[in-house]
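Welcome, and please open your viewer. We will walk from stop to stop, selecting a few residues each time and looking at what is there.

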Amino acid sequence: MSGFKRMSIGVFSFILMLVFNLYSNPFQRPQVNSPEILADGKVAFRVEAPDAKSVKLSSSDIPNIWQGLDMTKNDSGTWEIQLDTLASGSYRYKFVVDSVLVVDPANLSTSESNEVMWSLIHIPGSKFMDSCNVLHGAVSEVNYSSKTLGRLRRMHVYTPPGYEAGKQQYPVLYLLHGAFDSDDSWSTVGRAGIILDNLIASGEAVPMIIVMPKGHTGPFNMGQALPGTEPFIEDFEKDIMPYIESNYRVLDGRSSHAVAGLSMGGWHTLNIFARNMDKFGYVGVFSSGIFDLMGANAGNAGSQKPWQEQYQDVLSDQELKKGLQLFWVAVGKEDFLIDTSDKTVKLLGDFGFNIVYKKTEGAHTWANWRDYLNEFAPQLFQSVSSQKADK
C-alpha cells in the first residue's frame with residue numbers, strides 16, 4: 001500500500017474518531033434548547049435524562065413551585081415542562097432528577113445563593129433591568145484577606161462605565177444580600193450592575209461604585225437561627241471598607257457613602273449604620289428591620305441588651321443626624337417581615353429619625369428588591385453631583 005493511501009486511511013480514521021468523540025463526549029453541551037421563551041409567551045424547560053424515573057422543576061423565585069413541578073418525558077428521553085407567561089425579571093431554578101438537585105446543563109447562566117448554585121433565566125420586558133444598548137460598567141470578583149476572620153474572602157464590586165480609563169473619584173454604595181444568598185446574588189438574579197448601567201445612561205443616577213460583600217461568615221441552612229452579626233460587622237469595618245478605600249477611587253466624606261441591604265442584609269445595614277453613623281449619609285433597608293423586635297432577642301445572638309439599648313446614645317445624638325440625607329425603608333404588603341418593618345420605622349421615628357417608608361405590592365422576593373434598588377439608587381449622592389457641577 002502506498003504511503004499516500006496509508007495517510008488517507010489514517011486521516012479518515014482520525015475524522016471518524018473525532019466525530020464519535022464529539023457526539024459521545026460527556027462534556028458536550030446537551031442537544032436540547034433550555035430554557036426557551038416560546039412565541040405564545042410560555043417558557044419551556046428541558047433536560048436530557050433518559051434513565052431517570054422522575055424529574056421536577058424547582059425554583060426559589062418562580063411563584064408556587066418551590067416543592068417542584070413534575071416534568072414529562074418524551075420518547076427520546078428528554079423531560080419537558082412549559083410554564084405560563086412569567087413576568088419580566090430574573091428567576092433561579094433547578095431540576096430535581098430522581099431526588100438529586102442539578103443545574104440545567106444546557107444553560108450557561110448561573111447564580112449563586114448561600115453555598116448553592118442555580119441556573120438562571122432572564123425574561124425581558126422591564127427596561128430598567130434589561131441589558132440595553134448603553135455603556136456598561138464592570139462587575140468584578142474581588143478576593144481580599146480578612147484579618148478579622150483569618151481567611152481569604154470574596155466580594156463583588158461594580159465600577160461604572162469609564163472607571164478603568166479615568167482618574168475620577170466616585171461615591172460608593174455598600175449593598176448587602178439576604179440570608180439565603182451570597183455576594184454573587186445582587187449582580188446575577190439581582191441585576192444590580194445592569195440596573196445601574198441603565199440609570200447612569202439615562203442620567204437618573206450618579207455614577208457610583210457598588211460593593212457587594214459576602215454577609216455570611218459561616219455555614220447557614222434553612223430552618224436554622226441567624227448567626228450573630230458581630231463577625232460580619234467586624235469584617236466589614238476592619239477589612240472590607242479599608243480595602244475598598246485603599247484600592248478604589250472613592251470620594252471621602254459621609255455624603256459620598258451609602259449602605260443598604262435586603263432581609264438579613266437590611267439587619268446588617270442597621271447595625272453598621274448604628275456603629276458608624278458618622279460615615280454614612282444614606283441608608284436603605286429593604287424587606288427588613290430590627291430583628292430584636294421580632295421577639296426573643298432574635299437578631300442579636302449573644303447580645304445582652306436589645307438593639308435600641310445598645311445604640312441608644314448614638315441614636316439620640318442630634319448632631320449625628322444632621323449629616324444623614326436619606327433613610328429609606330421599603331417592604332411588600334405580603335412580606336412576612338412587614339410587622340418588623342413597621343415597628344422599626346416607629347422606633348427610629350421615636351428617636352427623631354426622618355424615615356421615608358414605602359409599602360409596595362408583593363412579598364419577600366427578588367421581584368421587589370430589584371424594584372427597590374431601581375428607586376433607591378437615583379436618590380443617592382445627588383448633592384455630590386451638584387457640587388461637581390458647580391466647580
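Rings of Phe, Tyr and Trp (its six-membered ring) pair if their centres lie within 6.5 Å; planes under 30 degrees apart count as stacked, over 60 as edge-to-face and the rest as tilted. Keep in mind that this is a predicted model, where local features need pLDDT of at least 70 and side-chain atom pairs count only at pLDDT 80 or more, while totals for chains, interfaces and linings use all residues. Residues are numbered from 1 along each chain as its sequence is written, and side-chain values use heavy atoms, with hydrogens and water left out.

**Stop one: rings**

Start by selecting Y174, F232, F236 and F280, which ring pairs link into a cluster. Across the whole structure, a search finds 22 aromatic pairs. One of them is Y93 with F95, an edge-to-face pair with 5.9 Å centre to centre and 70 degrees between the planes. Both Y93 and F95 are buried (under 20% relative accessible area; exposed is over 50% and partly exposed in between, with a 1.4 Å probe and protein chains only).

Next, select W366 and W369. Their ring centres are 5.3 Å apart and their planes are at 80 degrees, so this pair is edge-to-face. The two are three residues apart in helix α9 (residues 366–376), and are therefore separated by about one helical turn. Helices (H or I, at least four residues) and strands (E, at least two) are DSSP runs, numbered from the N terminus. W366 and W369 are both buried.

**Stop two: the strand that holds Y174**

Go back to Y174 and select strand β13 (residues 172–176). Five of its five residues are buried, so β13 is largely enclosed by the rest of the structure. Which residues point which way from β13? V172, Y174 and L176 point one way, and L173 and L175 the other.

**Stop three: the cores**

Y174 is also among the residues with the most contacts inside the largest nonpolar core, along with W307, F327 and F353; this core has 46 residues. Such a core is a set of buried Ala, Val, Leu, Ile, Met, Phe, Trp, Tyr and Cys residues joined through side-chain atoms within 4.5 Å. Its largest share, six residues, comes from helix α3 (residues 230–247). A second, separate core of 36 residues includes L199, A205, L251 and A258.

Select F327 and look around. Leaving aside neighbours within four places in sequence, its contacts (heavy atoms within 4.5 Å) include L270, F273, V283 and F353. Then centre on F353: K321 lies over the face of its ring, at 4.7 Å from the ring centre. A charge sits over a ring if NZ of Lys or CZ of Arg is within 6 Å of the ring centre and within 35 degrees of the ring normal. For another example, select R249, whose charged end sits over the ring of Y163, 4.0 Å from its centre.

**Last stop: an open sheet**

Four strands form an open sheet in the order β1-β2-β6-β5, with antiparallel pairing. At the edges stand β1 (36–37) and β5 (72–73), each with a single partner strand, so one side of each is left without a neighbour in the sheet. Finish with strand β2 (residues 43–48) and strand β6 (residues 78–83), which pair over six bridges. Select A44 to find its bridge partner in β6, Q82.

Technical notes: Two strands pair if DSSP finds at least two bridges between them.
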